[in-house]
Amino acid sequence: MDTKADGLETWTHQSHSITRWLALFGVAWAIALAVQIATPAFAGPREQAQRIYERIAGVPPSATVLDQMAAKTAAGDLTGAAAIATDATTFYSVTLKNFVTPWTNRDQTYSLH
């Protein structure tokens with residue numbers, strides 16, 4: 001059986017090209033993911049403090065609060081920095097409320113009606 005006549009050789013060559021391309025794409029994707037995961041590790045104390053505050057309180061911190069949290073973050077006291085963020089009124093009125101809402105209704109939905 002002549003593979004060239006049947007077109008099988010061309011198909012095999014194309015499938016290897018696709019496989020190589022997918023492998024290179026997978027490697028590039030893995031590298032991009034690793035860089036994205038490692039990026040927060042290079043953030044300074046102010047950036048870390050701001051990220052912590054925004055995630056916990058749901059709003060950006062004031063300059064004074066950011067300074068307090070950055071000092072704690074620089075000292076390695078991330079729990080203390082997070083505790084400052086929980087003092088924000090938005091933590092209780094928005095973040096905690098949204099967290100608990102599904103537990104407090106029959107359908108366990110986020111509907112606030």
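Predicted model: local features only at pLDDT ≥ 70, side-chain atom pairs only at ≥ 80, totals over all residues.
User: What percentage of the residues in the chain is buried?

Analyst: A residue counts as buried under 20% relative accessible area, as exposed over 50%, and as partly exposed in between (1.4 Å probe, protein chains only). Of the 113 residues in the chain, the buried ones make up 17%.

User: How many helices and how many strands does the chain have?

Analyst: The elements are DSSP runs numbered from the N terminus, with helices (H or I) of at least four residues and strands (E) of at least two. Read from the N terminus, their order is α-α-α-α-α-α. The count for the chain is therefore 6 helices and 0 strands.

User: Is Thr73 buried or exposed?

Analyst: Thr73 has its place in helix H4, which covers residues 63–74. Beyond its neighbours within four places in sequence, Thr73 is in contact (heavy atoms within 4.5 Å) with Pro45, Gln48, Ala49, Leu78 and Ala81. Because its relative accessibility is 7%, Thr73 counts as buried.

User: At what angle do the axes of H3 and H4 cross?

Analyst: The residues that meet are Pro45, Arg46, Gln48, Ala49, Gln50, Ile52 and Tyr53 in H3 and Val65, Leu66, Asp67, Met69, Ala70, Thr73 and Ala74 in H4. By class, this contact has 9 nonpolar, 3 polar and 2 charged residues, where Ala, Val, Leu, Ile, Met, Phe, Trp, Tyr, Cys and Pro count as nonpolar, Asp, Glu, Lys and Arg as charged, and the others, Gly among them, as polar. Axes are lines fitted to C-alpha atoms, for helices over the stretch in contact, and angles run from 0 to 180 degrees between N-to-C directions. The axes of H3 and H4 come within 8 Å and cross at roughly 115 degrees.

User: Which residues of H3 and H5 make the contact between these helices?

Analyst: Helix H3 (residues 45–57) and helix H5 (residues 78–86) pack with their axes 9 Å apart and at an angle of about 45 degrees. That angle makes H3 oblique to H5, since under 35 degrees counts as roughly parallel, over 145 as roughly antiparallel, 65 to 115 as roughly perpendicular and the rest as oblique. By class, the contact has 7 nonpolar, 2 polar and no charged residues. It is made by Gln48, Ile52, Tyr53, Ile56 and Ala57 of H3 and by Leu78, Ala82, Ala85 and Thr86 of H5.

User: How far apart in space are Thr95 and Gly58, C-alpha to C-alpha?

Analyst: Thr95 is found in helix H6 and is partly exposed, because its relative accessible area is 24%. Leaving aside neighbours within four places in sequence, Thr95 is in contact with Ile56, Ala57, Gly58 and Thr90. Although Thr95 and Gly58 are 37 residues apart in sequence, their C-alpha separation is 6.6 Å.

Key: Residues numbered from 1 in each chain as written. Heavy atoms only, no water.
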